[in-house]
Amino acid sequence: MCLAVTEELLRQRAEHNNRELFSLEEISLHQQEIEKLEYIDKLCRDLKILYLQNNLIPKIENVSKLKKLEYLNLALNNIERIENLEGCEELQKLDLTANFIGELSSIEILKHNIHLKELFLVGNPCTEFEGYRQFVVATLHQLKWLDSKEIERSERIQALQNYRQVEKQIRDQEQVYLLQRAREKEEALKKIQEKQEKKKEKQIKPKPGFDGRWYTDINNINPDPLEDKENHQQKETEKEYQEWKIDKDDEEDRAFWEEPTPYTPESRLEAHRHLEEKRRVKENIRGQKVKEKPPRTLITAEGKVLNMNEPKHLDSSLIDVDVQPTYLRVMPFQLVLPAEVKPDSSSAKRSQTTGHLVISMPKVCKFIWTDTIQKLISVRKNFSYRQNNHVVQT
């Protein structure tokens with residue numbers, strides 16, 4: 001999947017400017033897995049600072065209309081040549097650290113950027129060329145700093161004196177490098193095709209069931225009297241198969257990282273694709289493991305109130321206390337009370353000393369006629385007692 005710069009992404013990263021793009025002067029798009037530059041020069045015309053480091057950008061494009069751009073950071077990308085920066089009239093600082101620029105002669109395009117003072121090319125293949133620094137210093141007269149080192153006046157004079165000789169050396173080394181890159185691209189393409197073919201074969205190849213046996217027609221299989229036992233065994237085998245599959249994926253992952261590979265834009269992109277695939281697989285596995293929680297059962301079908309406790313930290317404003325005669329509910333907790341209480345006379349408040357939630361519930365005073373009292377009444381049936389100022393004969 002090729003992730004390009006979109007308007008939505010620009011607005012998300014422009015929160016400091018109330019998501020407005022027309023007046024945006026600075027934006028950071030680093031570590032966004034961007035593979036293509038788009039829309040920036042159309043939607044953000046007033047940009048002065050643009051951070052695009054640590055992405056997968058292979059080409060400098062769609063920034064030439066940023067007339068006010070002063071600082072462009074494209075470090076840690078897959079850029080192989082300098083281009084399309086003539087229109088950045090106010091460009092003062094350009095960071096191309098740790099890219100794949102081997103076509104050093106492409107810096108000549110920066111002659112148009114007359115305000116360019118700082119250039120960073122450290123970590124690029126071109127910096128290994130003999131005469132690299134002399135060539136850059138002699139080509140770009142406006143530069144004051146190269147790779148964090150100030151350009152002295154004497155250094156520039158010497159570079160200009162040796163320019164013709166150094167230029168020829170650079171051109172020859174550049175041709176050798178470009179031929180090497182052509183071979184690397186061809187090998188990378190061949191490797192990708194081989195992996196795609198293996199992947200197709202793996203998908204087409206039939207697989208046995210989770211129990212390791214092959215089935216041709218499941219309708220012809222006679223029912224087994226031990227079917228339930230086998231189903232249980234099949235689940236266990238399925239679990240073992242999943243664990244084996246995870247182990248196998250780990251082995252393939254280890255083999256991928258241990259395989260010797262030249263550091264090229266293709267290998268960097270391949271590593272990114274591999275990590276992306278692993279992340280997607282893990283997300284799918286995690287999604288399969290997540291199960292929906294059953295609904296809370298607070299009261300059974302028979303009307304019995306249940307105790308329920310799910311640990312959770314809640315703000316006071318989110319707490320809802322519900323006092324009933326026989327139970328107390330403070331979501332997400334429910335507690336069955338040992339005696340009946342008066343809901344209307346109950347109160348709930350925070351303790352000023354401990355911060356605990358204190359719930360006061362006065363009990364209901366009832367005279368309960370138990371079996372013991374009824375027995376006493378039956379025994380003393382022949383006696384009389386006075387009630388409400390008159391005698392009742394029993």
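1. The model is predicted: local features need pLDDT of at least 70 and side-chain atom pairs count only at pLDDT 80 or more, while totals for chains, interfaces and linings use all residues. Residues are numbered from 1 along each chain as its sequence is written, and side-chain values use heavy atoms, with hydrogens and water left out.

2. Aromatic pairs. The structure holds four of them. Rings of Phe, Tyr and Trp (its six-membered ring) pair if their centres lie within 6.5 Å; planes under 30 degrees apart count as stacked, over 60 as edge-to-face and the rest as tilted. One of the pairs is Phe-100 with Tyr-263, which is tilted because the planes stand at 40°, with the ring centres 4.9 Å apart. Phe-100 lies in the loop between strand E6 (93-95) and strand E7 (118-120), and Tyr-263 in the loop between helix H6 (227-258) and helix H7 (265-289), so the pair ties together parts 163 residues apart in sequence. Helices (H or I, at least four residues) and strands (E, at least two) are DSSP runs, numbered from the N terminus. Phe-100 is buried at 3% relative accessibility, whereas Tyr-263 is exposed at 57%.

3. Phe-135 and Tyr-163 form another of the pairs; their ring centres are 6.0 Å apart and their planes at 10°, so this pair is stacked. Phe-135 belongs to helix H3 (residues 132-139) and Tyr-163 to helix H5 (residues 163-204), so the pair ties together parts that are 28 residues apart in sequence.

4. Helix H3. How much of H3 is buried? Seven of its eight residues are, so H3 is largely enclosed by the rest of the structure. The buried residues are Tyr-132, Arg-133, Phe-135, Val-136, Val-137, Ala-138 and Thr-139.

5. H3 against H4. The axes of H3 and helix H4 (residues 153-161) come within 8 Å and cross at roughly 95°. That makes H3 roughly perpendicular to H4. Axes are lines fitted to C-alpha atoms, for helices over the stretch in contact, and angles run from 0 to 180 degrees between N-to-C directions; under 35 degrees counts as roughly parallel, over 145 as roughly antiparallel, 65 to 115 as roughly perpendicular and the rest as oblique. Contact (heavy atoms within 4.5 Å) is made by Arg-133, Gln-134, Val-137 and Ala-138 of H3 and by Glu-155, Arg-156, Gln-158, Ala-159 and Leu-160 of H4.

6. The open sheet. Seven strands form an open sheet with mixed pairing, in the order E2-E4-E5-E6-E7-E8-E9. Two strands pair if DSSP finds at least two bridges between them. Strand E2 (26-28) and strand E9 (149-150) stand at the edges with a single partner strand each, so one side of each is left without a neighbour in the sheet. Within the sheet, strand E5 (residues 71-73) and E6 run parallel and are joined by three bridges.

7. Tyr-71 and Lys-93. Tyr-71 has Lys-93 in E6 as its bridge partner. Lys-93 also lies over the face of Tyr-71, at 4.7 Å from the ring centre. A charge sits over a ring if NZ of Lys or CZ of Arg is within 6 Å of the ring centre and within 35 degrees of the ring normal.

8. The hairpin. Strand E13 (residues 347-350) and strand E14 (residues 357-360) pair in the antiparallel sense over four bridges. Ser-347 stands opposite Ser-360 in E14. The hairpin has six residues between the strands, and Gly-355 in it takes a positive phi near 85°.

9. Ser-148 has a positive phi near 70°; its place is in the loop between strand E8 (145-146) and E9, and it counts as exposed at 53%.

10. Ser-106. Is Ser-106 buried or exposed? At 6% relative accessibility, Ser-106 is buried, and its place is in the loop between E6 and E7. Leaving aside neighbours within four places in sequence, Ser-106 is in contact with Arg-81 and Ile-82. The C-alpha atoms of Ser-106 and Glu-83 are separated by 7.0 Å, at 23 residues apart along the chain.

Definitions and conventions:
Buried means under 20% relative accessible area, exposed over 50%, partly exposed in between (1.4 Å probe, protein chains only).
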